[in-house]
Amino acid sequence: MSSSPLTATPSPLLPAKSKSPPSHYHPLLSYLPHCTSLRALSQLHAVAVKAGLHAHPPFVTRLLTLCTEQGAAPAHLAYARQVFDRIPNPGDVVWYNTLLRGYARGVGAGAGAARVFVRLLEEGVAPDTYTFVSLLKACAAARAGEEGRQAHGVAVKAGAAEHEYVVPTLISMYAECGDVRAARVMFDRMDGECVVSYNAMITAAVRSSRPGEALVLFREMQAKGLNPTSVTLICVLSACALLGALELGRWIHDYIRKINLDSLVKVSTALIDMYAKCGSLEDAIGVFQEMESRDKQAWSVMIVAYANHGYGKEAISMFEEMKKQGIKPDHVTFLGVLYACSHSGMVSEGLQYFDSMREYGIVPGIKHYGCVTDLLARSGQLERAYKFIDELPIKPTAILWRTLLSACGGHGDVDMGKHVFERILELDDSHGGDYVIFSNLCANTGRWEEMNMVRKLMSEKGVVKVPGCSSIEIDNMVHEFFSGDGRHPQSEEARRMVDEVIEQLKLIGYVPNTSHVFHVEMGEEEKAASLRYHSEKLAISFGLINTSPGTTLRVVKNLRVCPDCHSMAKLVSMVFNRRIILRDLNRFHHFEDGICSCGDYW
């Protein structure tokens, strides 16, 4: 925002020409609850103005409440603001609080809320704790951190900053605006125990990709005897999903049953999402089937779950069933459908579904465009994908071009890759993966000079490759392994197991796939050695050591699984009779009896 709303001059008032309002109850009040549309409200308001009720407290309060209640359309809030602006010298703090509460329920309304608060101060109306709570919630909804900080300052001056309702709202505001440090400072200064404050901090930890911290906070809550709410559990399930902590997620599911929250649709939806992201599609399906009622979000999450696990036909079948049930799909539903088509190679079907989005009044977003790009590029239609991105009605992001660059690497098209790489650098030159993909593509096609130039550029800009990291959950503890290093206490033991596994796999024909290792100075043995201790190999081997025979191994990796690790996992599943479920950056891979569910299409 160009200027701070808390110091800006409010818009001029439009004085109403009418006689003094009556102070008693008026019959028109009884008609307000029956006004179900904005047109009906505005017509009744016009009658009220003619009757001199433009500033009548009971009428104005009820009108503002109807226009700002939960679920009201943005047009209603705008109308409420117009009504408020036409009241000369509004002196009732309830009116301000009602309007601020409406802004708090909206999206992107931080500036409007701040201007209402400025008017309150200029009119000499004393704010109360409800004023600050609503104002801070509005700033949080709009991600208006600067306005939120100023509101905090005013709350301190007014002596309201330490109030039991204001403190958790401040924590939530800072967390929503991305200032986790400030949120933590407020949290640590908090007197007493507050579930709302814990919820805010747990939510902040999950949204800033710190699931471990979220789980520590949850354990703190339990140790202090605080009863979690549905919000707590939904966030903790999200933390389990990020970590791939299936057993912990199952424990939380049992806990949810004990406190009778499993009947809540949002909680069940979070459970579906957790199970699916932790690799147990069976459990996700079970929760979905047990739900007594399902909303749009529940259907959408289940469709996305099928898509990410590579069950494209099942995802599409569920989408069609959802429509038969009379549930209108939204943008998340279509993301799942497009993922399903992309991961299953259903190009024509995916394009048809993309075109049908507008039939439901859904304007495609950047993620939908990304799915179509991936759909085309993955199938080898690189030129068509390039044209699709180049002709978008919005400015393409680096992520869209990055999707195409990855496909160029997979299909070995160095010329297209060069064009795409240049487009990416115009938008973002700080992502190490882009340099690695293009330099490998150059090396694979013998363009050593270009490869060296790319690596030199990468060095000059100080860009580093994100290290591979894989995690595996054993006995309710998540173990992380990084490629090539020994951070884990049992890393040496895991390495020795990798060596043993590879020796056994060689007996049935395993040969390291070095096709994606491009170092001119390296021989084949050195290339094979560079692949040996990739993070997913360490995690799988650690799982073989620490679990009983036949136990399913569930691994989560932060990057795309490499071809050699993919080949190894297939053979391990056959030789050691283990089912391996590996979640990488793009999708799930289910390895069983030497076969992967992706069909080597990833």
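What follows is a short tour of a predicted model, with stops at a pocket, a residue and a helix.

**The second largest pocket**

Begin by selecting Ser172, Glu176, Thr203, Arg207 and Val231, which lie nearest the centre of the second largest pocket. This pocket holds about 980 Å³ of space, and 28 residues line it. Next, colour α4 (93–105), α6 (129–141), α8 (166–176), α10 (195–207) and α12 (230–243); each of these helices supplies at least two residues of the lining. The largest share, seven residues, comes from α10. Colouring the lining by class shows 16 nonpolar, six polar and six charged residues.

Display its side chain together with that of Ser342: a polar contact of 2.4 Å joins the two. Apart from neighbours within four places in sequence, Asp374 is in contact with Ser342, His343 and Thr403.

**Helix α22**

Then select residues 398–411, which form helix α22. The end C-alpha atoms of this helix are 20 Å apart, in agreement with the 20 Å that its 14 residues should span at 1.5 Å a residue. Highlight its buried residues, among them Leu400, Trp401, Arg402 and Cys408. Their cover includes α20, α21 (382–390), α23 (414–427) and α24 (432–444).

Methods: Residues numbered from 1 in each chain as written. Predicted model: local features only at pLDDT ≥ 70, side-chain atom pairs only at ≥ 80, totals over all residues. Heavy atoms only, no water. 1 Å grid on protein atoms, 1.4 Å probe; cavity = no way out; pocket = protein on both sides within 12 Å on 5 of 7 lines; lining within 4 Å. Points joined across faces, edges and corners; volume = space filled by probe spheres on them. Helix = DSSP H or I, 4+ residues; strand = E, 2+ residues; numbered from the N terminus. Nonpolar A, V, L, I, M, F, W, Y, C, P; charged D, E, K, R; others polar. Polar contact = N/O pair within 3.5 Å; in protein donor to acceptor, adjacent residues only side chain to side chain. Contact = heavy atoms within 4.5 Å. Expected span 1.5 Å × (residues − 1). Buried < 20%, exposed > 50% of the residue type's maximum accessible area, 1.4 Å probe, protein only.
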